[in-house]
Amino acid sequence: MSLLDFLRRRGSAPVARERLQVLLAYERANRGYSDLLAVLREEIVAVIARHITIDRDCVAIKMDRGDTVSTLEIDIEIPHKAGALLVGT
Amino acid sequence: MTAKVVVVTSGKGGVGKTTTTAALGAALAQGNQKVALIDFDVGLRNLDLVMGAERRVVYDLINVVQGVAKLPQALIKDKRIETLWLLPASQTRDKDALTEDGVGRVIAELRETYDWIICDSPAGIERGATLAMRFADTAVIVTNPEVSSVRDSDRIIGLLDSKTEKAEKGQRVDKHILITRFDPARAARGEMLTIEDVLEILSTPLLGIIPESQEVLRASNIGSPVTLSDPASGPARAYLDAARRLKGENVPMAIPGDRKRLFNRLFGRRAA
């Protein structure tokens, strides 16, 4: 074990404290909304399905929490025919 | 008599709920309080084993809830302390057999004749855990100084503030943190979350600090609450202090060490 490793090991409690503070601030703010992603997914699928026939398994929703900005990534696979319709060709 | 209903809960498993239920219950009973311990861990009961009563279980909580047995038939009297009783969980039945009405009736009946009803919650946030906390006046949230335990305690605090009968009536469950398996030397070296870290993160008052100790395992090995198996040990003294705080006494916070260590060292005996 190098000296650097040794020093790093010593300081793990402050890292734990900080990670917990960030995580719990988020979890407390979202208490009761734990199924928000599932709700979003259903509603997005419903809106699109009104116009295009899509496979509901081809909708992927990902959430990524950053320090300053969080992103919601929605990935919808559109069948070839409907895709042609969309871009107007 | 109107008992105070205490839930011992944590969210996370393996942090010491059953050990704590046994030790706090015994400590209160040692102070001449009449105490009933209820195991809510249907299918995975262990409070009977930790209390050394595993061979005396005839009826259980679900039998009482379903009217198969009367409450006095199911309660097991402790052989060491006159005023301590245990209501075991069912080992074979499905946990869905526990109903809110049934649990409410059992607790209402116990309230009339006991000073304390201590509910040992199962891990998790499912039915067993929510029923264990449902009728609580006071909650003891058992927390290890470790990230996953602290996170789960925070979740449980959220449930105590929303899913209990008190919360639904607009009242508050009186919540306390009990830190178990604490190692002061490791915390001082920055290797373990400190007491201050945990309390600041959870913003909940402290009931006690139970030091990491071999005596806890020894107590469960022999089927005795640690406050009885070795009252001079660090964890026993910490639990005895915590029980006095539960009763509303003002006891200075300390992290007791094992008193007998010096004695054993002098006489060359092995601890434990």
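First, the conventions. Residues are numbered from 1 along each chain as its sequence is written, while chains are lettered from A and ligands numbered from 1 in the order in which they are written. Since this is a predicted model, local features need pLDDT of at least 70, side-chain atom pairs count only at pLDDT 80 or more, and totals for chains, interfaces and linings use all residues; side-chain values use heavy atoms, with hydrogens and water left out.

Let me start with chain B. Its secondary structure comes to 14 helices and eight strands, where helices (H or I, at least four residues) and strands (E, at least two) are DSSP runs numbered from the N terminus. The C-alpha trace spans about 55 × 40 × 35 Å along the principal axes of chain B. How does the radius of gyration of chain B agree with that of a compact globule? For 272 residues the globule value would be near 19 Å, and chain B has 18 Å, which agrees. That radius is taken over C-alpha atoms, and the rule is 2.2 Å times the number of residues to the power 0.38.

Now for burial. In chain B, 54% of the 272 residues count as buried; buried means under 20% relative accessible area, exposed over 50%, and partly exposed in between, with a 1.4 Å probe and protein chains only. Contact means heavy atoms within 4.5 Å, and of the chain B contacts with a separation of 6 or more, 73% come from residues 24 or more positions apart. The accessible surface of chain B is about 12,000 Å², and 48% of that belongs to carbon and sulfur atoms. These areas come from the Shrake-Rupley method with a 1.4 Å probe; for residues, only the protein chains shown count as cover.

Chain B carries 38 positive and 35 negative charges, and their mean positions are 4 Å apart. Lys and Arg count as positive, Asp and Glu as negative, and His and the chain ends are not counted; each charge is placed at NZ of Lys, CZ of Arg, CG of Asp or CD of Glu.

On to the inside. In soluble globular proteins, nonpolar side chains tend to be buried together. Here, the largest nonpolar core has 52 residues, and Ile38(B), Phe40(B), Leu87(B), Leu98(B) and Leu110(B) have the most contacts inside it. Helix H7 (residues 147-160) of chain B gives the largest share of this core, five residues. A second, separate core of 35 residues includes Ala23(B), Leu47(B), Ile118(B) and Leu178(B). By a nonpolar core I mean a set of buried Ala, Val, Leu, Ile, Met, Phe, Trp, Tyr and Cys residues joined through side-chain atoms within 4.5 Å.

Leaving out residues up to four places away in sequence, its contacts include Leu61(B), Leu98(B), Cys119(B), Gly128(B), Leu131(B) and Ala132(B). Gly128(B), Leu131(B) and Ala132(B) are among the buried residues of H6(B). Helix H6 (residues 127-134) of chain B is mostly covered, with six of its eight residues buried. What covers those buried residues? The cover includes strand S1 (4-9), helix H5 (100-113), strand S5 (116-120), H7 and helix H8 (165-168) of chain B.

Next, some backbone angles. Most residues other than glycine have a negative phi. Arg181(B), though not a glycine, has a positive phi of about 60°; Arg181(B) sits in strand S7 (residues 174-182) and is partly exposed at 44% relative accessibility. Ser203(B) also has a positive phi, near 35°. Ser203(B) is in the loop between helix H10 (195-202) and strand S8 (206-211) of chain B, and at 60% relative accessibility it counts as exposed.

Finally, chain A. Four helices and two strands make up its elements, running α-α-α-β-β-α from the N terminus. Of its 89 residues, 15% are buried. Among contacts between residues at least 6 apart in sequence, 31% join residues at least 24 apart in chain A. Chain A exposes about 7,200 Å², with 56% supplied by carbon and sulfur atoms.

Is Cys58(A) buried or partly exposed? Cys58(A) is partly exposed, at 22% relative accessible area. Beyond its neighbours within four places in sequence, Cys58(A) contacts Asp75(A), Ile76(A) and Glu77(A).
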